[in-house]
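Trainee: I am new to this structure and would like to know how its descriptions are reached. Could you take me through them?

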Amino acid sequence: MKNADKKALAGLGSGHFMVDWYASVLVPLYPVITAKLGISLSFISAIIAFGHMFSSMLQPVFGYVSDKLRHRTFMFWGLIMSSVFIPLSVVSNSPELLTLFLILGMCGNAFYHPQVTCLVNTFCYNNPKLTKYMGVFLGLGTIGYAIGPVCSSNAAAYFGEHSLLFFSIPGILAAILIYFVVPKIPLDTVCPAHEKFLPVMKEILASKAILGLVLIAVVKSGVSISFGTYMPFILKENGFSLSQTGFIVTLFFTISGIATMLSSKIEEKIGGANVIRLSFFSVLPLTLLFLFFMDKAPVVSALLFILTGFFILLSVSVTVVSAQKIMNRHKGVISGVMQGFSWGLGALFLAPMGLIGEHFGVDKVLVIMSLIAFLTGIFGITKELRDIFEKEAKSLGKN
């Protein structure tokens, strides 16, 4: 691989780290924001769900446009929007401003992902180690998402909420950096201009294998978002401080990022289908265990919760790369579907789960979501997907 391509991948990965860092800085502060604005758990859940839905559902459109561009518009301005509007959300003094800033910040995240996930594939030039590079790229984003909570919770605890306005600076600097290290998009990777969006989406959704991957991605996203959103409430109820909560959530997502980086190695050993099964089957027993130990041994419970993070996102790079290979001509669109559209659909779980949590307890939400993951592990891998994973396993064996 050329040095310029390595620099491009490093730049894309660093930008992914930053944009996902912004996506999580609000996570440990949701209880604080809820109390400050006098809004309910179901209301804040609805705002978060709507923000994810509004921005993420548009990612296939952003991917479609980016497939036809040599410009790095989405990459640059996506990071700028996230770095400006997410910190403003923390200091908003009304539900209306909170909603506005959240949506704009999440739209920045949605701008960034489709084009950049596609470019990782582009600058790898069909390298047989694509899944490894994609895993590192996705893992950097997850680790950035992991570090956000501990940064924001400690900044708010020691310096006050307004200190988070300074969080805009590193994102703006990172956007300027990647603009110079990531080269223009090669012309031979740009899709023909005459191809329309709806026929492209129809072609993608006509694939049963893609629909199976989307289902897996939606459930994975819903579980990850639910655990990250509602676990701080459980930790707060059980006497954990704001900084402790941020630290625990950070470790949860850090180990998720490590799992994403290791997934290609695990896939080589057990196959893509079994990576997905391992990911989804492990969540339910671990959830029941950490809820069981929460009253009896809170530290043990927190450690089990952190371990759960390893399995929730274990299969991400496997599913994204598989989808890109199936729809190689529309890598930007399919990246938007797998990373954004699916994330937005997964976020829709928050609205009903918020109502359940408000009336029956947040612990019930985590049990329900982990049960959904378990059932997806059983029924989510279709025959078409099994065939694709078997072919991929044979290909890896030859290499």
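Mentor: Gladly. Let us begin with axes: they are lines fitted to C-alpha atoms, for helices over the stretch in contact, and angles run from 0 to 180 degrees between N-to-C directions. Helices (H or I, at least four residues) are DSSP runs, numbered from the N terminus. This is a predicted model, where local features need pLDDT of at least 70 and side-chain atom pairs count only at pLDDT 80 or more, while totals for chains, interfaces and linings use all residues. Residues are numbered from 1 along each chain as its sequence is written, and side-chain values use heavy atoms, with hydrogens and water left out.

Trainee: How do the axes of helix α11 and helix α12 cross, and which residues make the contact?

Mentor: The axes of α11 (residues 242–270) and α12 (residues 272–296) come within 7 Å and cross at roughly 115°. Contact means heavy atoms within 4.5 Å. Here α11 supplies Ser263, Ile266, Glu267 and Ile270, and α12 supplies Gly272, Asn274, Val275 and Leu278.

Trainee: Why is Gly135 called buried?

Mentor: Buried means under 20% relative accessible area, exposed over 50%, and partly exposed in between (1.4 Å probe, protein chains only). Gly135 has a relative accessible area of 1%, so it is buried. Gly135 lies in helix α7 (residues 130–159). Leaving aside residues up to four places away in sequence, Gly135 touches Thr260, Met261 and Ser317.

Trainee: What makes Cys118 buried?

Mentor: Its relative accessible area is 9%, so Cys118 counts as buried. This residue belongs to helix α6 (residues 95–124).

Trainee: Why is Lys364 called partly exposed?

Mentor: Lys364 has a relative accessible area of 39%, and therefore it is partly exposed. Lys364 sits in helix α17 (residues 362–379).

Trainee: And why does Ile172 count as partly exposed?

Mentor: Ile172 has 33% relative accessibility, so it is partly exposed. Ile172 lies in helix α8 (residues 168–181).

Trainee: Which residues make the nonpolar surface patch?

Mentor: Phe166, Ile169, Ile172, Leu173, Ile176, Tyr179 and Phe180 make this patch of about 740 Å². Patches are made of residues with over 30% relative accessible area and no salt bridge, and nonpolar side chains (Val, Leu, Ile, Met, Phe, Trp, Tyr) are joined within 5 Å. A salt bridge is a side-chain nitrogen of Lys or Arg within 4 Å of a carboxyl oxygen of Asp or Glu.

Technical notes. Helix = DSSP H or I, 4+ residues; strand = E, 2+ residues; numbered from the N terminus. Patch = residues over 30% accessible without salt bridge, like charges linked within 9 Å, V, L, I, M, F, W, Y side chains within 5 Å. Areas by Shrake-Rupley, 256 points an atom, 1.4 Å probe, with all protein chains shown as cover.
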